[in-house]
Amino acid sequence: MDTSRLLRTTGTVIAAAGLLLSGCTSAGSGGPRAAASSAGGTARLAAPDAIPAALRSYYEQKLNWRDCGVPGFQCATMKAPLDYAHPESGQDVDIAVARRPATGPGKRLGSLLVNPGGPGGSGIGYLQAYAGIGYPAAVRAQYDMVSFDPRGVDRSSPVQCLTGPEMDKFTQVDQTPDNAAERAELVTAFKQFAAGCQTRSQRILPHVSTVEAARDMDMLRAVLGDEKLTYVGASYGTLLGATYANLFPGRVGRLVLDGAMDPSRPALEMNRDQTGGFETALRSFAKDCVKQSDCPLGKGSPEAVAQRLQEFFRKVDAQPVPSGDPARPLGESLATTGVIAALYDESAWPQLREALASAMNGDGSGLLGLADSYYEREPDGKYANLMFANAAVNCLDQPPAFAGPAAVDAALPSFEKASPVFGAGLAWASLNCAYWPVKATGEAGALTAKGAPPIMVVGTVRDPATPYKWAQSLARQLDSGVLLTYDGDGHTAYGRGSACIDTTINTYLLQGTPPKDGKKCT
C-alpha cells in the first residue's frame with residue numbers, strides 16, 4: 001500500500017495532527033495569554049499603523065524572491081526578532097516564506113496565507129504539495145497563495161532534539177506502562193527527549209510560542225503589502241489565527257479557522273477532549289468496517305470491534321510482530337500510532353483495514369508505514385522536525401497537563417472513560433511537558449478579538465483531533481465568530497468533498513460574505 005501519500009496531498013495534512021509521545025495537538029497549545037516578556041509588549045495593537053519603532057525596520061524589510069525549485073513557486077527569507085521583548089538585541093530568526101502568484105483572471109485580492117497546523121507542520125510543504133495547486137481555481141486565480149514555516153519549524157530556525165536512531169527508539173517506548181520498570185522507562189524517554197532539545201536548540205527553544213508566531217504573521221502581512229490579513233488555518237492553525245486576531249483585531253481581513261481548537265481549555269482538559277474525539281472516530285470506523293467484506297475486526301457492535309482492536313494492541317504489546325525492519329518490530333506504540341494516523345481521514349479507512357489484517361497475520365509493515373507517515377519519517381531513517389517543534393510550541397504555550405506520574409495515575413480513569421482503547425496511551429503522552437527545560441510563557445484563556453470583522457469558525461461533528469465542541473466554544477468566544485458546521489467524519493472540512501462547505505468558504509474568501517451563524521453542511 002502507498003503510505004507516502006496518506007493525508008499529504010489532501011486538505012487534511014497529517015502535520016495537522018498531534019503527536020503521541022510528544023503531546024497531542026492540544027497538549028499544551030491552548031490559547032496563550034502570554035506575559036509581556038514573551039509576547040514582547042502590548043497584548044493588542046488595534047491600529048494598522050501602530051508599529052513599535054523598534055520593529056519598524058523589520059516591518060519595512062524587502063523580500064528577495066527566488067526560484068524554489070518547484071515550478072510556479074517562489075521562496076524568500078524574512079527576518080524576525082528572536083525575542084520580541086528585546087528586538088534591539090540584534091538577534092534574529094530566519095522565517096522561510098513561499099508563494100505562488102495569483103494565476104488570474106479576475107481582480108487580484110492580495111495574499112492568502114495558509115497554515116496546516118501541528119504545531120510543527122511545514123507551511124511551505126503544505127503550500128507546494130496541496131494549497132498552492134489544490135485550492136479551488138477561483139481562489140488561486142485571485143490570491144497570491146502564501147505560507148511560511150513558523151519559527152522553530154523545518155526551514156525556519158528549526159528545533160532539533162534527537163537523531164534518527166534516537167527517534168526510532170523513542171517512538172517504540174511503551175506508552176501504556178504496565179509496571180514500575182516501564183513507567184520509569186517512559187519517564188526517562190521524556191527526559192531524554194527534553195534534554196536533547198535543550199542541547200541542540202537552546203537558543204530558539206524559549207521563543208517558539210504561538211504568540212510569537214502570530215507576531216511574525218503580522219510582520220509577513222506588512223512585508224507582503226497587505227493592509228489586512230486573509231488567512232485559512234487548519235487545526236492548530238486555528239489557534240494561531242485566533243491568537244493573531246486577538247492581538248491585531250484591526251488588521252483582520254477574512255479569516256477561516258477550520259478544525260477549531262478551544263483556547264480557553266487547559267491542557268489536561270484538551271487532551272481528555274481529544275481522547276474522546278479519537279474514540280468517536282474509532283466508532284465511525286468500526287460502523288463502516290463491519291459493513292466491509294475485508295474487515296479484520298469481525299462483525300458486531302462498535303464496542304465489540306473496539307474491544308477486538310484493544311485485544312490486538314495487547315497482543316503486540318506482549319509480542320511485537322515483524323515489520324520488515326528488524327530494528328523496529330510493530331509493538332503497541334507504533335501500532336497505535338498507525339491506527340490513529342488513519343483515523344484522521346475516512347478515505348484512509350480501506351488502508352487501515354488492510355494494514356490491520358496484515359498485522360494480525362504477522363506482517364506489521366502496513367501499520368508501521370502509517371506510523372512513519374504520521375511521524376514524518378523518511379525511508380532513509382531521517383525525521384522531519386515536526387515532532388520536535390510540536391513539543392516545543394505546546395510546552396511553551398501552556399503549563400504541563402501533569403506534574404508527574406502520580407498525576408497521570410489519578411487522571412487515568414477519566415481518560416479511559418473517554419476512550420477505552422486510546423485513553424491510557426494519550427494520558428501518559430500528556431506527561432511530556434512535565435520535564436520541559438523551558439518554563440511555559442502562556443496559559444489557557446478565551447480569545448475575543450474584539451473589534452474584528454466576521455471570523456469564520458468551521459467545526460466537523462465527528463472530528464477526531466479537534467472535537468466539534470471546541471469549534472462551538474471558539475465561535476462563542478470570538479466577538480465576531482461565525483460558526484459553520486460540517487456533519488461528517490475526519491479532521492477539518494474544507495476541500496474534503498462537501499460542496500456546501502467549499503462553496504460557503506469560497507464565497508467568504510472571494511466576496512467577503514460570511515454565512516449565517518450556525519449554518520450546517522453535509
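Trainee: Where is proline 105 placed?
Mentor: Proline 105 is in the loop between β3 and β4 (110-115). The strands (E, at least two residues) and helices (H or I, at least four residues) are DSSP runs, numbered from the N terminus.

Trainee: What kind of model is it?
Mentor: This is a predicted model: local features need pLDDT of at least 70 and side-chain atom pairs count only at pLDDT 80 or more, while totals for chains, interfaces and linings use all residues. Residues are numbered from 1 along each chain as its sequence is written, and side-chain values use heavy atoms, leaving out hydrogens and water.

Trainee: Back to the proline. Is the bond from glycine 104 to proline 105 cis or trans?
Mentor: That bond is cis, with omega near 0 degrees. Another cis peptide bond joins glycine 118 and proline 119, with omega about -5 degrees. Proline 119 is in the loop between β4 and α3 (123-134). Most peptide bonds are trans.

Trainee: OK, the sheet. What is the strand order?
Mentor: Ten strands form an open, mixed sheet: β1-β2-β3-β5-β4-β6-β7-β8-β9-β10. The edge strands, β1 (66-67) and β10 (519-521), each pair on one side only. Two strands pair if DSSP finds at least two bridges between them.

Trainee: How many bridges between β2 and β3?
Mentor: Eight, in the antiparallel sense, between residues 74-81 and 92-100. Threonine 77 has alanine 96 in β3 as its bridge partner.

Trainee: Which residue has a positive phi of about 50 degrees?
Mentor: Alanine 449, although it is not a glycine. Alanine 449 sits in the loop between α16 (423-429) and β8 (455-462).

Trainee: Buried or exposed?
Mentor: Alanine 449 counts as buried because its relative accessibility is 1%. Buried is under 20% relative accessible area, exposed over 50%, partly exposed in between (1.4 Å probe, protein chains only).
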